[in-house]
Amino acid sequence: MQITIPHPVLKGAKALVVGVANDSSIAYGCAKALRELGADLALTYLSEKARPHVEPLARDLDATLFLPLDVSVDGQLESVFDAVGKQWGELDILVHSIAFAPKEDLQGGLLDCSASGFATAMDISCHSFVRMAKLAAPLMSDGGTMFAMSYYGANRVVPNYNVMGPVKAALEAACRYLAYELGPQGIRVHAISPGPLKTRAASGLKDFELLLNEAARKAPVGELVDIMDVGWTCAYLATPFARRVTGGTVYVDGGANIVA
Ligand SMILES: NC(=O)c1ccc[n+]([C@@H]2O[C@H](COP(=O)([O-])OP(=O)(O)OC[C@H]3O[C@@H](n4cnc5c(N)ncnc54)[C@H](O)[C@@H]3O)[C@@H](O)[C@H]2O)c1
């Protein structure tokens, strides 16, 4: 089958990356890898408090758009997609790399998670991806690729992952259903499942250091992953080389998930 490959491979592709908090964020690794392969970027920041930490990174990456986005604030997501539509008239790549659960609900077991904490975690970490996909799809008129960040705790019990286990399971299922619904439009949807990485979100998990040690011990490749490993995987999946790959959960964990 004939594939036309631009050079660099994502030259001129338009990518919206949500979830950069600082230079340790998985979203930052994704933005960097996509930029290195030629994509133009739109980045978001959570709040005015977060802005000074994200703005220099957006500048270094020559981001075309730099916009506020708290997915729990009514209308902000729509404003981001309005701005993307006005600036580019199209979108090729969407990266959703955000998660949140209230600390008291995250740090207790699932049995003790409140209904409102569960709903908040599900809304910000999962349903916001469905909302983004709905707004992104009309801009992906030539097809596109969407990513959401999951974790191994979606499929196996990882001590202390608690409410985020069911939330990530829902996110992976959402990716499958979105891949099914959007496939006919040439839009591919991937759940990416990175191994543990020392980020701000991860610091909310109890005994995270134990998880890191366990991941390094189990991984057949013998070491932990970094944010660029995740970024390069997304970048590859966004290229025409991966145009028949969709709907699955792609592990970027040095193979740890295959080891009992
Ligand atoms: N760090 C890990 O070990 C690991 C492993 C697997 C998956 N993940 C997933 O990767 C994703 C990114 O997390 P990270 O580890 O890079 O941490 P991070 O703290 O750098 O990123 C989390 C992001 O979520 C954003 N966010 C939180 N609430 C939001 C809201 N209401 N609206 C918009 N954005 C909001 C934060 O601003 C931040 O940018 C998350 O989905 C996380 O569950 C992380």
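Predicted model: local features only at pLDDT ≥ 70, side-chain atom pairs only at ≥ 80, totals over all residues.
The contact (heavy atoms within 4.5 Å) involves I26, Y28, G29, C30, K32, A33, L34 and E36 of helix 1, together with I227, M228, V230, G231, W232, C234 and A235 of helix 8. Helices are DSSP runs of H or I with at least four residues, and strands are runs of E with at least two, both numbered from the N terminus.

Most residues other than glycine have a negative phi, and most peptide bonds are trans. The peptide bond from H7 to P8 is cis, with omega near -10°, and P8 belongs to the segment before strand 1 (14-18). N160, in the loop between strand 5 (144-149) and helix 6 (164-182), has a positive phi of about 75° and is partly exposed at 24% relative accessibility, a class lying between buried (under 20%) and exposed (over 50%) for a 1.4 Å probe and protein chains only. D207, in the loop between strand 6 (187-194) and helix 7 (208-218), likewise has a positive phi, near 55°, and is partly exposed with a relative accessible area of 43%.

Residues are numbered from 1 along each chain as its sequence is written, and side-chain values use heavy atoms, with hydrogens and water left out. Local features need pLDDT of at least 70 and side-chain atom pairs count only at pLDDT 80 or more, whereas totals for chains, interfaces and linings use all residues.
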